[in-house]
Amino acid sequence: MAVVTGAAGAAGPAGPAARDLAAARGRRRTRVAYLFLAPWILGVLGLTLGPMLASLYLSFTDYRLSGAPSWVGLANYQRMFTDDPRFWTSVGVTARYVVLSVPLQLAFALAIAVFLDRGVRGLALYRSVYYLPSLLGSSVAVAVLWRRLFSSDGLVVDLAGTVGIQLSGGWISDPERALDTLLVLNVWTFGSPMVIFLAGLRQIPDELIEAAKVDGAGAVQRFFRVVFPLLTPVVFFNLILQMIGAFQAFTPAYIVSAGTGGPADSTLFYTLYLFQSGFQAFDMGYASAMAWGLFIVIGAVTALNFAASRYWVHYGD
Amino acid sequence: MATRTASRRAVAWIAGQGWKHLLLLAFGFAMLYPLVWMFTQSFTPNDAVMGRAGEGGFTLDNYLDGWSALGVSFGRFMANSFLVAALSIVGNLVSCTLAAYAFARLEFRLRGPMFALMLATIMLPFHVTVVPQYIVFHQLGLIDTYVPLILPKFLAVESFFVFLMVQFIRGLPRTLDDAAALDGCGQLRTFWSVILPLCLPAIGVTAVFTFIWTWNDFFTPLLYLTSPDKYTAALGLSTFQDATGLTNYGALFAMSVVTLIPVFAVFLVAQKALTRGIATTGLK
């Protein structure tokens with residue numbers, strides 16, 4: 001007790017000085033922290049927030065890289081929504097791509113992960129082999145390969161022919177099928193969500209599954225009643241990640257269609273149309289409006305996902 | 001007699017675990033078959049009709065033709081890609097470790113909001129910023145240089161890696177920092193001599209992913225590079241496809257294989273780090 005009062009008494013008279021010292025130390029520490037953060041702060045201001053504001057401003061202008069931007073109010077947005085069929089085509093193509101390829105990819109990833117999870121020897125090898133396409137999937141080389149695989153004299157038509165399925169020509173040149181090839185490509189890269197599923201599955205305690213077994217639950221029941229509910233946070237995480245990624249896919253569509261988004265705009269991803277508007281037509285104002293459109297849609301879809309997650313994602317306990 | 005027991009053992013194996021392995025192997029083979037096909041086609045003479053893997057003879061002409069088919073050789077494209085990737089790795093490692101140390105260990109005002117901002121930028125589509133960025137680089141006369149490709153890495157724009165490092169550093173015991181402080185280390189010394197050496201696994205994951213992403217990146221070079229002798233491998237390959245169209249698939253495949261080799265090599269060397277990396281952070 002005495003010690004405490006003694007200490008308090010000693011601190012009393014020295015109070016202001018000590019406080020100054022502490023404040024000075026705090027300021028110094030803050031300064032040091034900002035030194036560490038300097039590159040990141042510069043990047044956020046100069047390459048992220050600044051450009052975001054700039055593109056918001058540009059979206060209300062007509063700007064073609066030469067001369068000054070001229071204010072046009074909502075004209076770009078008006079054109080987007082009411083006067084540009086290609087814009088809506090690109091929205092439709094992207095929506096179909098995201099809505100179809102992401103769930104398919106995740107279903108594949110989850111199925112394989114569950115199959116691999118318990119009691120398969122050589123797990124590491126299979127995991128690596130299945131993971132490889134994820135690393136290569138966004139490369140130009142694989143897109144080149146895909147274009148060839150699904151062309152009229154490519155491997156797919158050839159193999160389908162030998163098992164007796166007569167495909168009418170290649171998918172790449174068929175406006176009805178071209179997007180499907182890109183769906184297949186995205187599903188092919190199921191390895192990275194699979195690895196995340198595997199890590200999640202390993203967190204599930206063996207006792208729970210054993211208990212379900214003892215209670216007489218079959219494999220299917222065990223999956224739907226025990227494993228899947230426990231895994232929903234991981235499913236959700238993968239869903240968010242893959243959807244954001246799918247919205248931004250660009251390279252495969254560009255390569256498969258040689259930059260046109262064809263045939264008949266069937267592979268005109270939103271990002272590809274944005275690229276054409278901004279960097280081929282140099283209509284920077286319009287491209288900025290499109291960029292903000294994408295930003296808002298991704299934000300809204302992510303927010304919706306989070307809102308909906310309350311109904312199906314179970315966080316432990 | 002021996003064969004009977006052997007075949008019986010095989011049947012037992014298939015009935016036990018074997019069927020799983022057969023299924024998994026077949027599936028893996030089907031998945032990788034397109035790559036195998038591309039590889040074998042790259043050694044097949046062009047006049048042979050497109051066949052399955054391994055049909056139609058053997059030649060190295062595709063590689064020789066493709067390598068110098070454009071005015072600039074593929075060796076140059078590859079060297080450019082290596083240069084960009086190496087500088088990107090340096091940039092990401094420097095900027096992301098510094099920022100991560102501050103977020104994980106230092107006290108400062110605005111730490112909370114800044115950290116939230118960092119997390120938010122992970123989800124930000126880069127298309128939102130690309131138009132103004134292009135305009136700025138254009139006005140600074142930096143189009144057709146590597147600055148627009150590399151500068152963002154030195155400014156920690158890929159905040160994935162900041163997050164990854166923050167998570168990693170948070171896992172290190174704080175007593176290490178305290179001991180260093182008692183020994184009279186300043187923050188920089190603590191960072192450099194205590195924290196950084198322990199971060200090697202996270203640094204490895206960052207380096208590997210930076211390499212693969214930069215190597216595969218097509219959008220940024222497409223946007224900023226205009227003279228062919230500065231093209232990266234991805235852009236060179238795309239140009240090659242545009243130039244030859246559908247006529248010379250052998251050479252196109254050969255050069256595709258060439259551009260995939262570095263990624264494949266990194267995959268072979270670092271697959272453990274890769275799978276661990278995505279398992280903990282969800283990187284692609």
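In this predicted model, chain A splits into two domains, with domain 1 covering 1-46 and domain 2 covering 76-312. Taken over C-alpha atoms, the centres of these two domains of chain A are separated by 50 Å. Chain B is divided as well, into domain 1 (1-32) and domain 2 (64-281). Here the C-alpha centres of domain 1 and domain 2 of chain B sit 43 Å apart.

Next comes the place where the two chains meet. Chain A puts 73 residues into the contact, and chain B puts in 62 residues. On the side of chain B that touches chain A, the most comes from helix 13 (residues 249-281) of chain B, which supplies 11 residues.

One piece of helix packing joins the two chains. Helix 5 (residues 140-149) of chain A packs with helix 12 (residues 233-244) of chain B at an angle of about 25°, and the axes are 9 Å apart. Angles under 35 degrees count as roughly parallel, so helix 5 of chain A runs roughly parallel to helix 12 of chain B. From helix 5 of chain A, the residues making the contact are A:V140, A:A141 and A:V144, while helix 12 of chain B brings B:A234, B:L237, B:S238 and B:Q241. This contact between helix 5 of chain A and helix 12 of chain B is made up of 5 nonpolar residues and 2 polar ones, with no charged residues.

Then there is the nonpolar core. The largest one has 149 residues, and those touching the most other members are A:M194, B:A99, B:A100, B:V162 and B:M165. Helix 3 (residues 74-105) of chain B gives the most to this core, namely 13 residues. As for B:M165, once its neighbours within four places in sequence are set aside, its contacts are B:C96, B:T97, B:A100, B:C199 and B:A202.

Finally, a loop of chain A deserves a look for its backbone. Most residues other than glycine have a negative phi. A:A258, however, has a positive phi near 50° without being a glycine, and A:A264, also not a glycine, has a positive phi of about 55°. A:A258 is found in the loop between helix 11 (251-256) and helix 12 (270-280) of chain A, and A:A264 lies in the loop between helix 11 and helix 12 of chain A. A:A258 counts as partly exposed because it has 13 C-beta neighbours inside 10 Å. A:A264 likewise counts as partly exposed, with 13 C-beta neighbours inside 10 Å.

How values were computed. Residues are numbered from 1 along each chain as its sequence is written. Chains are lettered from A and ligands numbered from 1 in the order in which they are written. This is a predicted model: local features need pLDDT of at least 70, side-chain atom pairs count only at pLDDT 80 or more; totals for chains, interfaces and linings use all residues. Two residues are in contact if their C-beta atoms, placed from the backbone, lie within 7 Å. Helices (H or I, at least four residues) and strands (E, at least two) are DSSP runs, numbered from the N terminus. A nonpolar core is a set of buried Ala, Val, Leu, Ile, Met, Phe, Trp, Tyr and Cys residues joined through C-beta atoms within 7 Å. A residue is buried if 20 or more other C-beta atoms lie within 10 Å of its own, exposed if 12 or fewer, and partly exposed in between; C-beta atoms are placed from the backbone. Domain bounds come from an automatic or database domain assignment. Axes are lines fitted to C-alpha atoms, for helices over the stretch in contact, and angles run from 0 to 180 degrees between N-to-C directions. Angles under 35 degrees count as roughly parallel, over 145 as roughly antiparallel, 65 to 115 as roughly perpendicular and the rest as oblique. Ala, Val, Leu, Ile, Met, Phe, Trp, Tyr, Cys and Pro count as nonpolar, Asp, Glu, Lys and Arg as charged, and the others, Gly among them, as polar.
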